[in-house]
Every structure is written in structure tokens, then in C-alpha cells.
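Thank you all for coming.

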Amino acid sequence: MKTIPSRRRKIVGGGVGMKGIVSALAMSSEGILAAGTFGRWLGFYDSGGRGGTAGVFEVGRLDEDVDGVGDGAGITQLLWSLCGRYLCVVERGSDGIGVWDIRSTGKRVSWLRGREAKTMQRLSVEVVGSDVWSGGTDGVVRVWEGLGEHEGLTDPAYEFRAHEDAVSSAVIHPSGTVLATCSGQRHAYDLSEDEPNCDNSLKVWAFEQDPGSPQFGNFT
């Protein structure tokens, strides 16, 4: 899997290839390997990465004329839909998640906004069925329903406060009834001041999901 320097001009060596350091990998159900870089480029490779290059494009070149849409400082995670058609692109320093239709290479179909993740810390995202789960710097876990079913700007279907600090990960058990969340981030403070109140914790939630109104129990 060859890349070229992220700042290399196109006239040097033709500028052919994916730019930047490879920072995320994901395999689709159809055996297509997606690779993302800190230079905000995506590359797709056949036969589980052993075949040829299926396509390469930059995720930031189609930014819409809406504040915050398409913002990002480098890809940190890639997640495929179960059908292998849609790809969620997660970036650091971004309050949204881009959803791309890989059948039309280079086309972003929706932007999952309201993620609250304007930080260089990696905040993981989870795809469960057709739902996208993500934590934010405000301690809230948000869920967007119907991956690939919406176009344009998409708001969370529901959310709940899980921690008093940044939620770095939210993972659901295969049974679909247990959720684990963890929190914590680096805080800068003056030594002359009191140490800030940090929430560095792991919580396990048992919940029953009623359509449109999930109920989360107390953590254990």
C-alpha cells in the first residue's frame, strides 16, 4: 500500500497515490480494504488489500457551504455498514461523522452532526446494525439511526449523559442489552490552582431499548 508525502506537489512524480500517514484501516463484508490517512485521504483496495487500487480520493474536497460540515484534522477511524456500501469516516477535531456511498466514489451522502468532538483526542465510534454510536467531549453518548438511509445533515435520534468528562469509547455487547462506556482526557491547569475534577471511569450499562425511547439503567 503505497502513499506519497501529504505536502508533495502534484507535479512531482505525478502526485499519484494516497497522501499522508495511514491512520485507519477497515475491511468491508465484500473484501474491500479501506485505508485513511492523517492527510484526509481515502484509498480502497481489492481482495482484502492484496489486489489493485479500486479508488483514491480526498475527503475534504467536497465540503459543503455550512459551518462545521466537512471539518477535520485527519482520519482516525473507518467503519463499514453491514452491507458494505456505506463507509463512516471519523476524524479528529471534527463535530461530525461523514457517511460516504462507496458505489459513487468520492460522494458523501450525509453528515452526522452534533458529535461534540472538537479535540485531537481519539473518540471512538461504534456501528451497531444500522445505528451509529459515539461519545463526545461533553460526556454525552449519541446515537444516529438508519446508516445510509438519510441524506444531508442528520441529527442524533437520541442521547444520554454517561460521564462528567469526554467519552472516549462506547461499545455494545453482541446481545444488544449491555453497553460499556469509558471516559477521561488530559486537563491542563495551573499548579497554583486546585486540580480539576476529572472523570476517568469505566461504566457498564444494562438497558432495554424501546423504539424511540431507550431506557438506560444504572451502571455497575
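Predicted model: local features only at pLDDT ≥ 70, side-chain atom pairs only at ≥ 80, totals over all residues.

Let me begin with an open sheet of 5 strands, which run in the order β7-β8-β9-β10-β14 with mixed pairing; strands here are DSSP runs of E with at least two residues, numbered from the N terminus, and two strands pair if DSSP finds at least two bridges between them. At its edges stand β7, residues 75-80, and β14, residues 152-154, each of which pairs on one side only. From one strand to the next the twist averages 25°, where the axes are lines fitted to C-alpha atoms and the angles run from 0 to 180 degrees between N-to-C directions.

Residues are numbered from 1 along each chain as its sequence is written, and side-chain values use heavy atoms, with hydrogens and water left out.

Within that sheet, β8, residues 86-91, and β9, residues 97-101, pair in the antiparallel sense over 4 bridges, and Y86 has D101 in β9 as its bridge partner.

The next sheet is also open, with 4 strands in the order β11-β12-β13-β15 and antiparallel pairing. Its edges are β11 and β15, the latter spanning 158-161, and because each has a single partner strand, one side of each is left without a neighbour in the sheet. Neighbouring strands of this sheet are turned by 20° against each other on average, direction ignored.

I would like to stay with β13 for a moment. This strand, residues 140-144, pairs with β15 in the antiparallel sense over 4 bridges, with V140 opposite R161 in β15. On β12, residues 131-135, the pairing with β13 is again antiparallel over 4 bridges, and here G135 stands opposite V141. β12 and β13 form a hairpin with 4 residues between them, and G139 in the turn has a positive phi of about 85°.

How many residues of β13 are buried? The count is 5 of its 5 residues, where buried means under 20% relative accessible area, exposed means over 50%, and partly exposed lies in between, with a 1.4 Å probe and protein chains only. V140, R142 and W144 point one way from β13, whereas V141 and V143 point the other way, and all are buried.

Now to the core. The largest nonpolar core has 15 residues, and those with the most contacts inside it are L42, F44, L78, W80, L87 and V89; such a core is a set of buried Ala, Val, Leu, Ile, Met, Phe, Trp, Tyr and Cys residues joined through side-chain atoms within 4.5 Å. At least two residues of this core come from each of β3 (22-27), β5 (41-45), β7 and β8, and β7 gives the most, with 3 residues.

R40, in the loop between β4 (33-37) and β5, has a positive phi near 70°, and R40 counts as buried because its relative accessibility is 16%. E116 lies in the loop between β10 (107-112) and β11 (125-128) and has a positive phi near 60°; at 34% relative accessibility, E116 counts as partly exposed.

R186 and Q121 are 65 residues apart in sequence and 9.0 Å apart in space, C-alpha to C-alpha.

The structure holds 3 cavities of 30 Å³ or more, a cavity being a set of points on a 1 Å grid over the protein atoms alone where a 1.4 Å probe fits but cannot get out. The largest cavity has about 70 Å³ of space, a volume being the space filled by probe spheres set on the points, which are joined across faces, edges and corners. Its lining residues, those with an atom within 4 Å of a point, include V99, S110, V132, W144, E145, H150 and T154. By class, the lining of the largest cavity has 5 nonpolar, 5 polar and 2 charged residues, where Ala, Val, Leu, Ile, Met, Phe, Trp, Tyr, Cys and Pro count as nonpolar, Asp, Glu, Lys and Arg as charged, and the others, Gly among them, as polar.

Conventions
1 Å grid on protein atoms, 1.4 Å probe; cavity = no way out; pocket = protein on both sides within 12 Å on 5 of 7 lines; lining within 4 Å.
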